[in-house]
Amino acid sequence: MSVPEFIDTYSDDVIYLLEGRTALLTHPLRAELNELLDASTCRLLAIFMIGGIELMLADWRAKDHNDILNVYFDGKHENGERVAALCTAFQTAGITVEPEVFKDYLAIKYLRNTIVHHKWKEHEKQWLEQRGFPTDTRKLTKEHLDRMVHVNQNMMFYIFLTSVPAPGSNQTAKTIKLDKNTTRPPDETGTLRLR
């Protein structure tokens, strides 16, 4: 099975972004300010993960004969309605999803829009606050990074499941909730030490 070019590159970018963060944290000859590194990683991750997820959704839509993603892609609805319809689309496809993932996905989508267009919209700001994200992109932390990685991995998993039939049936496989401890990237120390 061939993976489309840009889905592949977005996935690689997310992997190398997180690996780069680890390399900076563990570099024996550099001292990092975790607050700056975490905020920067979050900002970049928001851009890459939303781009990748949207490409994967477009790929699913191209293969979908029921048009269950029309509301998400028709351009006539606000992001909040689009993401709610997306959650319903997965459920319609027979995939058990965690609604909290979609609420955070919407917050990250708003965060991405703010970063790319370098301006805040009041309703987006309110949603970010409601979801526990800061309304100053310099205040993003490791906690937010962990949540973003969790959302990214869940969304990619949900999309993947749209193409995997359940054994012995024509329906898509159901899933269980991914544990946050499983999706959280660890902060490890490097093998080299300054001393």
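A residue counts as buried when its relative accessible area is under 20%, and as exposed when that area is over 50%. The legends below describe close-up views of a predicted model.

**View 1. Cysteine 42 and cysteine 87 are both buried**. Cysteine 42 has a relative accessible area of 0%, so it counts as buried. Cysteine 87 has a relative accessible area of 10%, and it is therefore buried as well. A disulfide is a covalent bond between the sulfur atoms of two cysteines. A search of the whole structure finds zero disulfides.

**View 2. Helix α1 packs with helix α7**. Helix α1 covers residues 5–26, and helix α7 covers residues 142–161. The angle between the two helices is about 155 degrees, and their axes lie 13 Å apart. Angles over 145 degrees count as roughly antiparallel, and α1 and α7 are therefore roughly antiparallel to each other. The crossing of α1 past α7 is left-handed.

**View 3. Residues of α1 meet residues of α7**. On the α1 side, the contact is made by Val14, Leu18 and Arg21. On the α7 side, these residues meet Lys142, Leu145, Val149 and Asn152. Sorted by class, the contact of α1 with α7 holds four nonpolar residues, one polar residue and two charged residues.

**View 4. Proline 4 lies in the segment before α1**. Proline 4 has a relative accessibility of 36%, which means that it counts as partly exposed. Methionine 56 is 52 residues away from proline 4 in sequence. In space, the C-alpha atoms of proline 4 and methionine 56 are 9.1 Å apart.

**View 5. Helix α2 packs with helix α4**. Helix α2 runs over residues 34–63, and helix α4 runs over residues 79–92. The two helices pack at an angle of about 50 degrees, with 14 Å between their axes. This angle makes α2 oblique to α4. Where α2 passes α4, the crossing is left-handed.

**View 6. Residues of α2 meet residues of α4**. Glu54, Leu57 and Trp60 belong to α2. The residues they meet in α4 are Arg82, Leu86, Ala89 and Phe90. By class, the contact of α2 with α4 has five nonpolar residues, two charged residues and no polar ones.

Note on methods
Residues are numbered from 1 along each chain as its sequence is written. This is a predicted model: local features need pLDDT of at least 70, side-chain atom pairs count only at pLDDT 80 or more; totals for chains, interfaces and linings use all residues. Side-chain values use heavy atoms; hydrogens and water are left out. A disulfide is a pair of cysteine sulfur atoms within 2.5 Å. Buried means under 20% relative accessible area, exposed over 50%, partly exposed in between (1.4 Å probe, protein chains only). Axes are lines fitted to C-alpha atoms, for helices over the stretch in contact, and angles run from 0 to 180 degrees between N-to-C directions. Helices (H or I, at least four residues) and strands (E, at least two) are DSSP runs, numbered from the N terminus. Angles under 35 degrees count as roughly parallel, over 145 as roughly antiparallel, 65 to 115 as roughly perpendicular and the rest as oblique. A crossing is left-handed if the near helix is turned anticlockwise from the far one by less than a right angle, and right-handed if clockwise. Contact means heavy atoms within 4.5 Å. Ala, Val, Leu, Ile, Met, Phe, Trp, Tyr, Cys and Pro count as nonpolar, Asp, Glu, Lys and Arg as charged, and the others, Gly among them, as polar.
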